[in-house]
Amino acid sequence: MNEIVITLITIAVVIGGILGACMYLVLAERKVSAWMQDRMGPNRVGPYGLIQPVADAIKIVLKEGVIPAHVDKALFLIAPAISMFTTMLAFAVVPFGPVEQAPSWLRFIIAPEVNIGLVFIFAVGSLAIYGVILGGWASNNKYSALGSLRASAQVISYEIPLGMSVLGIVLMSGTLDLNEILNKQAAAGILGWNIWFQPLAALIFYISSLAESNRLPFDLSECEQELVGGYHTEYGGLRLVLFFLGEYTHLITISFLTAILFFGGWHFPWIATPESTYRFAWLVKLAVLLAKVLFSVFLIMLIRWTIPRFRFDQLMELTWKVFFPLALANMVAVMVVMQFGMPPIVLLPISILLFAVFGFFTVTAKRLELARRRRASLAMR
Amino acid sequence: MHWLEEHWLGVSLILMGGGVWWLMPRSWQLPRIIGLITALAGAYLMSWGIKSVGGDLGDTVMFWVFATGAIACAILMITNRNPVYAALWFALATLNVCGLFWLEAAPFLAAATVIVYAGAIVVTFVFVIMLAQQSGATAYDQHARQPLLATLAAFLVLGLLLGMLRDANPGDVLVAKAQSPGVTANLLSQPAPGKTLDDDTMRGLGRSLFGDYLFAVELAGTLLLIATIGAIAIAPRRSRGTL
């Protein structure tokens with residue numbers, strides 16, 4: 001079939017899939033939180049509340065789009081669109097299925113010839129902050145401005161460990177193409193998944209991406225107790241929803257990246273290997289990948305309702321004093337192992353050792369600091 | 001018309017420079033439409049003088065979109081009164097230049113420029129501007145310091161570059177390379193014996209950066225390190241125990 005038609009179909013599938021998934025992720029979020037807090041959750045519209053997202057969507061579309069009188073109109077209108085657009089654009093280089101076995105009318109990746117996939121994702125992801133900054137500034141409101149200031153400081157800081165954590169994988173695979181990284185893991189079997197060689201990097205990547213997407217426990221930019229709504233205080237109706245669509249799209253992209261970079265993508269022993277060429281193998285592989293992604297999304301939701309919000313200085317300490325040196329040490333370890341031709345599995349004990357040593361030092365330093373403060377306050381009395 | 005064909009470069013530079021100078025924000029503002037028309041006329045004359053860039057239709061259209069976009073955003077950036085808008089136009093100009101990089105098959109350069117400029121530097125600018133001016137810009141932030149000198153210097157450089165490009169012909173570079181055998185590629189940038197270097201942009205770029213330009217890269221890295229240490233050293237310290 002014509003190349004352009006296939007591309008258009010793929011883009012339509014991706015956009016439709018993401019928008020539909022976002023609708024039901026909101027429902028899933030409410031159901032999971034209800035389950036964790038021993039409540040019922042939404043259960044009025046349809047069986048088990050399954051039609052609730054449709055009702056929500058209709059309500060939101062029919063809402064009046066209010067533009068306050070004191071805002072900077074152009075930027076106020078553009079900001080939510082930027083937030084949505086950049087997160088969607090990052091999905092262009094993410095392979096969301098077995099690219100080699102795609103059916104004739106679909107491609108499973110929008111832009112297949114981009115061989116700098118990972119750098120592209122980080123580049124586009126670094127633009128997403130403009131939506132938050134401009135939204136906060138254009139609102140002309142102190143709470144919004146404070147929220148966007150926090151967000152920009154946070155996102156700039158967490159970008160560094162995020163980028164460094166995947167460098168180890170790039171070094172080991174020798175490519176920046178997500179699909180090639182995936183294929184290398186699939187060819188090596190379940191013991192070739194990158195999680196066995198880079199568990200520390202996976203941890204840093206996952207937490208830093210959570211911070212990048214401004215999700216709880218890192219949602220300092222919109223924390224209700226201090227800032228009303230943060231950068232989106234002045235927004236309502238469809239424009240507010242665009243911000244949240246951006247956030248949920250980011251969530252989906254993070255989960256896809258985690259599954260592809262660290263957990264072998266669509267690979268699963270026996271049922272979905274590069275050798276399995278039975279009919280509808282692509283469907284099984286797609287299902288395996290989506291199952292991994294859904295598990296990651298579920299984990300993010302559990303984290304949201306388990307861990308309380310950080311304080312801002314703790315947030316900054318976590319990235320600059322813990323993640324940054326850890327990611328650097330991890331990268332140096334990969335370089336040493338590669339240079340001296342050691343088997344890559346050596347990286348597993350090295351990662352655990354790094355984690356233990358850093359954890360020991362951090363906890364001890366914190367304890368000493370607390371003890372010092374307690375003594376000082378006693379002396380003052 | 002014959003006269004114009006010989007002197008298009010000088011005329012277009014003067015027109016564009018005059019227009020940009022006219023548009024610069026100052027305390028006594030001239031009617032902006034005159035400056036805009038002058039600058040546009042100069043830009044049109046320049047594009048007519050440069051002629052088309054070859055390649056298929058798609059490439060040509062993309063080139064003109066990105067090129068005009070970059071120039072327009074740059075002019076909007078220096079003529080805007082509001083510092084936040086100026087920073088945003090700068091970001092857009094950078095994105096347009098990245099589009100040009102991508103057209104020239106340098107996607108890594110494009111992505112790296114987006115990360116460094118649009119993603120980090122401009123965000124820091126906006127951050128500082130937002131901190132500094134919660135309520136409206138001050139008077140001295142609203143006009144250009146040296147509109148005449150700045151315009152003159154910028155368009156002089158532009159004229160020199162364009163003049164050089166107009167007089168150079170592509171063969172010259174090859175001849176110069178052949179005539180100076182002392183300038184050869186560093187051994188480190190060549191593929192290992194028995195291997196071929198594929199035209200993967202990343203691999204070639206890495207080999208070239210850490211082979212041909214090793215000293216320049218290390219020097220730049222050292223400079224950045226010293227600057228970082230200096231920045232930390234001159235930053236004011238907080239008293240112990242406070243946030």
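Predicted model: local features only at pLDDT ≥ 70, side-chain atom pairs only at ≥ 80, totals over all residues.
Trainee: Which residues does A:V119 touch, if residues up to four places away in sequence are not counted?

Mentor: With those sequence neighbours set aside, A:V119 touches A:L176 in its own chain, and B:F108, B:A111 and B:A112 in chain B. A:V119 and B:A111 are also the residues with the most contacts inside the largest nonpolar core, which has 107 residues.

Trainee: Which helix gives the largest share of this core?

Mentor: That share, 14 residues, comes from helix α10 of chain A, residues 237-262. There is also a second, separate core of eight residues, and B:L15, B:V20, B:L23 and B:A39 are among them.

Trainee: How should I read the place where the two chains meet, and how many residues of each chain are in contact there?

Mentor: As a general idea, the size of an interface is often given as the accessible area lost when the parts come together. Here we have a count of residues instead, with 19 residues of chain A in contact with 20 residues of chain B. On the chain A side, the elements that give two or more residues are α4 (117-127), α5 (129-138) and α6 (142-173), and α4(A) gives the most, with six residues. By class, that side of chain A divides into 14 nonpolar, three polar and two charged residues.

Trainee: What is chain A built from, and why can its radius of gyration be said to agree with a compact globule?

Mentor: Chain A has 13 helices and zero strands. A compact globule with 381 residues would have a radius of gyration near 21 Å, and chain A, with 22 Å, agrees with this. Its C-alpha trace spans about 65 × 60 × 40 Å along the principal axes, and 43% of the residues of chain A count as buried. Among the contacts in chain A with a separation of 6 or more, 78% come from residues 24 or more positions apart.

Note on methods: Residues numbered from 1 in each chain as written. Chains lettered and ligands numbered in written order. Contact = placed C-beta atoms within 7 Å. Helix = DSSP H or I, 4+ residues; strand = E, 2+ residues; numbered from the N terminus. Nonpolar A, V, L, I, M, F, W, Y, C, P; charged D, E, K, R; others polar. Core = buried A, V, L, I, M, F, W, Y, C linked by C-beta atoms within 7 Å. Buried ≥ 20, exposed ≤ 12 C-beta atoms within 10 Å, placed from the backbone. Rg over C-alpha atoms; globule rule 2.2 N^0.38 Å.
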